[in-house]
Amino acid sequence: MIKELFLYTSKNCKLCSEMQEKLEKILPPQGISWHLIDIDDDPELKHRYGARLPVLVGGNKEICELVFDSEALESFISDNS
């Protein structure tokens with residue numbers, strides 16, 4: 001069962017803000033918590049995700065990157081419920 005998701009972002013990232021807004025609307029009613037992770041101060045995360053932001057991760061699976069993919073998120077939630 002999914003307990004939490006992580007959205008990797010960076011300051012002044014328009015795509016990151018857009019994905020964050022979509023998650024704020026979709027996830028709370030489903031009872032799934034998610035966390036915003038700013039990679040700017042972490043060299044390892046910056047190396048891993050820097051050119052692909054935003055990246056939505058659940059467990060050890062990347063659900064979507066760059067643009068929000070509602071079908072991928074729904075599939076991930078269904079597979080992990």
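This briefing covers the sheet, the helices on it, the cores and some local features of one model.

The model is predicted; local features need pLDDT of at least 70, side-chain atom pairs count only at pLDDT 80 or more, and totals for chains, interfaces and linings use all residues. Residues are numbered from 1 along each chain as its sequence is written, and side-chain values use heavy atoms, with hydrogens and water left out. An open sheet of 4 strands has the order S2-S1-S3-S4, with mixed pairing. Helices (H or I, at least four residues) and strands (E, at least two) are DSSP runs, numbered from the N terminus.

**Sheet**

- Strand S2 (33-38) and strand S4 (61-65) stand at the edges, each with a single partner strand, so one side of each has no neighbour in the sheet.
- Neighbouring strands of this sheet are turned by 25° against each other on average, direction ignored. Axes are lines fitted to C-alpha atoms, for helices over the stretch in contact, and angles run from 0 to 180 degrees between N-to-C directions.
- Two strands pair if DSSP finds at least two bridges between them.
- S1 and S2 run parallel, joined by 6 bridges. Glutamate 4 has serine 33 of S2 as its bridge partner.
- S1 and S3 pair in the antiparallel sense over 4 bridges. Here phenylalanine 6 stands opposite valine 57 in S3.
- Strand S3 (residues 55-58) also pairs with S4, in the antiparallel sense and over 4 bridges. Valine 55 has glutamate 65 of S4 as its bridge partner.

**Helices on the sheet**

- Helix H1 (residues 14-26) packs on the sheet and touches strand S1 (4-9), S2, S3 and S4. The direction of H1 makes about 160° with that of S1. Contact means heavy atoms within 4.5 Å.
- Helix H3 (residues 70-79) lies across S1, S3 and S4 and runs at about 160° to S4.

**Nonpolar cores**

- A nonpolar core is a set of buried Ala, Val, Leu, Ile, Met, Phe, Trp, Tyr and Cys residues joined through side-chain atoms within 4.5 Å. Buried means under 20% relative accessible area, exposed over 50%, partly exposed in between (1.4 Å probe, protein chains only).
- The largest nonpolar core has 14 residues. Those with the most contacts inside it are Leu5, Met19, Leu23, Leu27, Leu56, Ile63 and Leu73.
- S1, H1, S4 and H3 are the elements that give two or more residues to this core. H3 supplies the largest share, 3 residues.
- A second, separate core of 9 residues includes Ile39, Leu45, Leu53 and Val55.

**Aromatic pair**

- Rings of Phe, Tyr and Trp (its six-membered ring) pair if their centres lie within 6.5 Å; planes under 30 degrees apart count as stacked, over 60 as edge-to-face and the rest as tilted.
- The count comes to 1 aromatic pair. Tyrosine 8 and tyrosine 49 are stacked, at 4.3 Å centre to centre and 20° between the planes.
- Tyrosine 8 lies in strand S1 and tyrosine 49 in helix H2 (residues 43-49), so the pair ties together parts that are 41 residues apart in sequence.
- Tyrosine 8 counts as buried at 12% relative accessibility. Tyrosine 49 counts as buried at 4%.

- Serine 10 sits in the loop between S1 and H1. A polar contact of 2.6 Å joins the side chains of serine 10 and aspartate 40. A polar contact is a pair of N or O atoms within 3.5 Å; within protein, one must be able to donate a hydrogen and the other to accept it, and residues adjacent in sequence count only if both atoms are side-chain atoms.
- Cysteine 16 is in helix H1. Cysteine 16 is buried, with a relative accessible area of 2%.
- Threonine 9, in strand S1, is buried at a relative accessible area of 6%.
- Cysteine 16 and leucine 66 are 50 residues apart in sequence and 7.8 Å apart in space, C-alpha to C-alpha.

**Backbone exceptions**

- Most residues other than glycine have a negative phi, and most peptide bonds are trans.
- Leucine 53 and proline 54 are joined by a cis peptide bond, with omega about -5°. Proline 54 is in the loop between H2 and S3.
- Asparagine 12 has a positive phi, near 60°. Asparagine 12 is exposed at 86% relative accessibility.
- Leucine 66 has a positive phi, near 65°. Leucine 66 lies in the loop between S4 and H3 and is partly exposed, with a relative accessible area of 36%.
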